[in-house]
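Here's a quick tour of the model, sorted by topic. Have the viewer open and follow along.

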Amino acid sequence: MSRTDAVTRILFESFSTAEVRLFYALGYTAIGIFCWGVYVQIRKYRRGAALILDGSLWSRAGDMVGKILSHRTVDRRDHAAGGAHRLIFYGFVLLFLGTATITLQYDILEPLFGIRFWQGEFYLIFSLVLDIAGVAMLGGLLYMMYRRGWMRLPKLDYTRPDRSPGDPDFLRPEYRREDWAFLWTLVIIGFTGYLLEAARLVWLQSRPDVWDTRWWSPVGAAIAEGLGAAGLTAQGGGVLRFSLWWFHGMLALIFIALIPFTKVKHIFTAAASLMVRDPKASQRLPRVPETQATPGVAKITDFTWKQLLNLDACTKCGRCHEACPARAVGAPLSPRDVILSLREFANATLESGTLPPAAELGVHGKSPGQVAMETLWSCRTCMACVEICPVAVEHVPIIVQMRRKLVEDGAMDPLLTKTLQTIHKTGNSFGESKRKRGSWTKALPFKVKDARKEPVDLLWFVGDYASFDPRNQKVTQIFAALLHEAGVDFGILYDGESNAGNDVRRVGEEGLYEVLAESNIAALEKATFKSIVTTDPHSYNTILNEYPDFGGKYEIQHYTSFLKKLFADGKLEVTRPLKLRTTFHDPCHLGRFNKGYEAPRDLLNLLGCELVDMKRCRANSFCCGAGGGRIWIPDPVGSEKPAQNRMREAAAIPGLEVYVVSCPKDLTMFEDALKTTGNEGKFVVKELIELIREAVPARQTETLPA
Amino acid sequence: MKILIAVKQVAALDEDFEIRADGRGVDEEFLIRDLNEWDDYSLEEAVKIKEASTAPVEVVVVSVAPEEADEALRKCLAKGADRAIRIWDDGMEESDPIAIARVLAAVAKSEAPDMLFAGVQSSDQSFASTGIATAAFLGWPHAAVVSSLDYAPGAKSALFRRELEGGLLHEVEIQCPAVLTIQLGINTPRYASLRSIKQAAAKPIEVKTLADVGLSAGDAGESGSHSRIRRMCIPDKGRAQLIEGDAAAQAARLAEIIREFKGDAA
């Protein structure tokens, strides 16, 4: 046996049996407290409503592991934090695996089977790897301290937009204390680990198997050299090692015991949240089960266990807070604080042994932990928060579930109440007569087929704004002309079409949504067509993703991808290229919801336009403020509107000529915001369809009239 | 305790409506039907009284109308009414407000409520007389245009305010049972979610004939009425015109019109 074959670290070296027993007793106590904490948390989640996940657990687990190992979701839009967290994560995992390896040998394999492997070369490499892991972890932690202490990032400011100074839960200093305690505990554990390593080296410097292999623990060895130079004797090293051993060990045990009771639990809850995420959370909202007496969420226990778990997964990273358009314009909403508020509420009510009476479980209101209706109604359901959350917290479905309860109680803006009644009565939000839905076709020099009366290839679902809003009607007419000129066999449903219901559903009026969806599906079933096209991303989203739940499965395209195909097939041709400097606004429902980022950009490129993207584009596109029914609720006077915020962003692009939109509501919102931000005359807002018309001049041919 | 609410399903005009062939009304096809707006407020007032009361209160809505009014009655049930009654019989189409009131009074006699609410008027016919005529048939005290109400179910009297011209208010004490016609704005009517409307669809509506409430054919319809609609007409078009063009052109044209009216030479 060569000299290095036997090298290892003797555990509990020079400890008395009593001391070893004491350590084991404390260790088991820590594990006991940990298990109790886990039980309490699981009991809390189980007090939520039932939910059956679809998809296999294996693929869910695979997806979760992939996300965690790659740190893809943590890295997005904040590479520094992502990198630092990656260092902490991998450092921590390696150190944990190291400890587990020792346990495997010392408490399992050796006593049971006499197997020893933690020695020799393996031990030396093990020492080196763990020393490096410690450096990685400490480096990451120190950067995180720098972020919290010196960078003063607005997203890490815990003051709440939905509370006022003086409210008990406005500042929440306990969150800051917890953050720092977490960082310091890990830093001290890591640092004392190195010191302990160094003290042991000094103590055992006379043993060649220890001293000669010391550089396999480079950090420990370097500190040991320093301690030696400072005059620490072997005996002194022994004393230091003994006291540090207990200090380091106790701190680690306390850390383990406290995991389920502190933010450290995100190690488990974030992973679990990623695993149970709803891949379609952005596109389709859950139905109200037939068996449910009242729709939506009134009590904390009305949330599903998955949603309660979501609350615990939040790490307060503030990315949703930063992305939220309502928060950006000073509305009393931060998605982060909705989650944290509900979490505080769940912890206060659901962690005790017995469940408090139902009267104490109401989550609506202004008391600490509750969510105010002003907060819920501020949401645009633009999904920016859900999209960016690194741990798959699904805020918007939570908000909509709470709104469903508000709608049931009639707790909403009177104008919204009126609009919902109007939609129920007339099938559209404009309060226009059903029979006028197809009136825009009268100005065309050709007849638009009634798809209910004759078969068509393409069924065009027009939508409310494109049908009734006078400004949008012009765009609608151009699109009809383009289809006609390209020789597309298309038709519409005329008065058989109703509001698609996308926004009604996001308001939380599920009953009305069902009526609209069922009525549209019935109308579509009566028509003969191959596929659907729409210029309205809202209709597109709900028909594509939500109608299938009601039995309506259709092939549907947004007009951008449809027109792109017409160009590719040579049915349309750019004869007058536009040399315009443009920027493109990704509509929430086309971009973030359904990943339709490329087709509109390809079209702009085809038209010969120069495209300068805004900083907030694609997945991070900034909502115009109209979503979630907010187009029917007036914004407070005197405060900035999201559309104005966006116009200012666009105005910063030098030489911008056209702000291009591809959604009827965007056209309405941004043409207004262009004026109210004083940018009129500097650039214009146009529908992509209008630009296409400019580049593809109308054919003066066979079209004329019916 | 019981509060009876007289409600009506009214008709609103659709765009580009046409007058019926007999010239006495609008073609059915161009009408959008809904619960009369005033009745929404009187129902809300009753439901609020019920919710605030410790003693049980029954809120009963009644409509003298054909089957199509069931939709409005269901909306009332969705908003918190406990029962709905609809009275209809052959030959009742030509009933005027007095005839309707006679039927309502008959229902009130058999239901024996502590209070009867009606809307000030209906938005489609605007007679503003049904509620008060019902009080006359019952011989109950009555008041119109009630804009705030303080009433505890079962109390001998109620205190209320009613709107007068020029922003004045009357504060009135009235003996119960009484008939009050309720003005818009007395409260904020609740939203009936589609879910609650659907659930109300399962609730029964008590359908009765004239005989069921102790009346005969002559009490309603044309023979029971004192007035008859002869014709519906559309007034001649006014001289409104839309001025088109940019702001400057519009202003110039406007100035020209004003000069024309003043008789100034252009």
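Five strands of chain A make an open sheet with parallel pairing, in the order β1-β3-β2-β4-β5. Its edge strands, each pairing on one side only, are β1 (449-450) and β5 (556-558) of chain A. Strands here are DSSP runs of E with at least two residues, helices are H or I runs of at least four residues, and both are numbered from the N terminus. Two strands count as paired if DSSP finds at least two bridges between them.

Before going further: this is a predicted model, where local features need pLDDT of at least 70 and side-chain atom pairs count only at pLDDT 80 or more, while totals for chains, interfaces and linings use all residues. Residues are numbered from 1 along each chain as its sequence is written, and chains are lettered from A and ligands numbered from 1 in the order in which they are written.

- A:Leu458 has A:Phe490 as its bridge partner in β3(A).
- Helix α2 (residues 57-70) of chain A has 14 residues and spans 20 Å from first C-alpha to last, close to the 20 Å expected at 1.5 Å a residue; the expected span is 1.5 Å times one less than the number of residues.
- α2(A) is hardly covered, with one buried residue among its 14. "Buried" takes 20 or more other C-beta atoms within 10 Å of the residue's own, with C-beta atoms placed from the backbone.

**Chain B: overall build**

- Chain B has six helices and eleven strands.
- Its C-alpha atoms fill a box of roughly 75 × 45 × 40 Å along the principal axes.
- Of the 266 residues in chain B, 39% are buried.
- For contacts (C-beta atoms, placed from the backbone, within 7 Å) in chain B between residues at least 6 apart in sequence, 69% join residues at least 24 apart.

**Strand β10 of chain B**

- Strand β10 (residues 179-182) of chain B is covered on both faces: B:Val179 and B:Thr181 are buried on one side, B:Leu180 and B:Ile182 on the other.
- Strand β6 (residues 115-119) of chain B runs parallel to β10(B), joined by four bridges, and B:Ala118 stands opposite B:Thr181.
- Strand β7 (residues 142-150) of chain B also pairs with β10(B) in the parallel sense, over three bridges, and B:Val146 stands opposite B:Ile182.

**Where the chains meet**

- The contact takes 15 residues from chain A and ten residues from chain B.
- On the chain A side, α17 (395-409), α18 (414-426) and α22 (510-526) each give two or more residues.

**Nonpolar cores**

- The largest nonpolar core has 197 residues, and A:Phe670, B:Ile5, B:Val61, B:Cys76, B:Val103 and B:Leu104 have the most contacts inside it. A core is a set of buried Ala, Val, Leu, Ile, Met, Phe, Trp, Tyr and Cys residues joined through C-beta atoms within 7 Å.
- Helix α3 (residues 97-111) of chain B gives this core its largest share, nine residues.

Key:
A residue is buried if 20 or more other C-beta atoms lie within 10 Å of its own, exposed if 12 or fewer, and partly exposed in between; C-beta atoms are placed from the backbone. Two residues are in contact if their C-beta atoms, placed from the backbone, lie within 7 Å.
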